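Morning, everyone. I'll walk through it quickly.

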Amino acid sequence: MDFTVNLFVTQTWHDYRLEFHDLIDATYLELDSKLIKSFWVPDLYFVNEKSSNVHDVTVPNTLLHLYMDGTVVYKMR
């Protein structure tokens with residue numbers, strides 16, 4: 001049985017090296033797609049997939065929030 005799915009993926013992890021307590025008056029930083037390329041992002045894979053592709057548009061469909069305590073939230077379509 002084959003099927004097609006369109007996903008919005010959210011990944012969350014903690015990196016103590018990215019903590020920035022009391023540097024700004026916000027709880028998180030929202031990084032644009034140019035800065036996201038500088039961050040390590042875990043590889044995502046689906047077991048037994050036949051094929052996959054990433055939605056390709058002029059501006060990447062990615063978003064990264066960096067919280068004061070080092071929590072990283074990465075969203076991708």
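In which strand is the place of E30? E30 lies in strand β2, residues 28-31. Strands here are DSSP runs of E with at least two residues, helices are runs of H or I with at least four residues, and both are numbered from the N terminus.

Ground rules, briefly. This is a predicted model, where local features need pLDDT of at least 70 and side-chain atom pairs count only at pLDDT 80 or more, while totals for chains, interfaces and linings use all residues. Residues are numbered from 1 along each chain as its sequence is written, and side-chain values use heavy atoms, with hydrogens and water left out.

Back to E30. Is E30 buried or exposed? E30 is exposed, because its relative accessible area is 52%. The cut-offs: buried is under 20% relative accessible area, exposed is over 50%, and partly exposed is in between, with a 1.4 Å probe and protein chains only. Leaving aside residues up to four places away in sequence, E30 touches L63, L64 and H65. Contact means heavy atoms within 4.5 Å. As for M68, it sits 38 residues from E30 in sequence and 12 Å away in space, C-alpha to C-alpha.

Now the partner, H65. H65 is in strand β3. H65 is buried, because its relative accessible area is 11%. The side chains of H65 and E30 are joined by a polar contact of 3.3 Å. By polar contact I mean a pair of N or O atoms within 3.5 Å; within protein, one must be able to donate a hydrogen and the other to accept it, and residues adjacent in sequence count only if both atoms are side-chain atoms. Beyond residues up to four places away in sequence, H65 touches Y28, L29, E30, T71, V72 and V73.

Next, strand pairing. Two strands pair if DSSP finds at least two bridges between them. β2 and β3 run antiparallel, joined by four bridges. L31 has L64 in β3 as its bridge partner. What is the bridge partner of L64 in β4? That is Y74. β3 and strand β4, residues 71-76, also run antiparallel, with five bridges. Three residues lie between the strands in the hairpin of β3 and β4, and G70 there takes a positive phi near 90 degrees. Then β1 joins β4 through six bridges, antiparallel again. Q11 stands opposite Y74 in β4.

On to backbone angles. Two residues other than glycine have positive phi values: D22, near 60 degrees, and N48, near 65 degrees. D22 is in the loop between β1 (9-14) and β2. N48 is in the loop between α1 (33-36) and β3 (62-67). D22 is exposed, at 72% relative accessible area. N48 is exposed too, at 74%.

V57 is in the loop between α1 and β3 as well. V57 counts as partly exposed because its relative accessibility is 36%. E19 is 38 residues from V57 along the chain, and their C-alpha atoms are separated by 32 Å.

Last item, the pocket. Rolling a probe the size of a water molecule over the atoms shows where empty space is left. How much space lies in the largest pocket? About 880 Å³. Of its 25 lining residues, V5, F46, S51, S52 and N53 are the closest to the centre. A pocket is an open set of points on a 1 Å grid over the protein atoms alone, where a 1.4 Å probe fits, with protein on both sides within 12 Å along at least five of seven lines; lining residues have an atom within 4 Å of a point. Points are joined across faces, edges and corners, and the volume is the space filled by probe spheres set on them.
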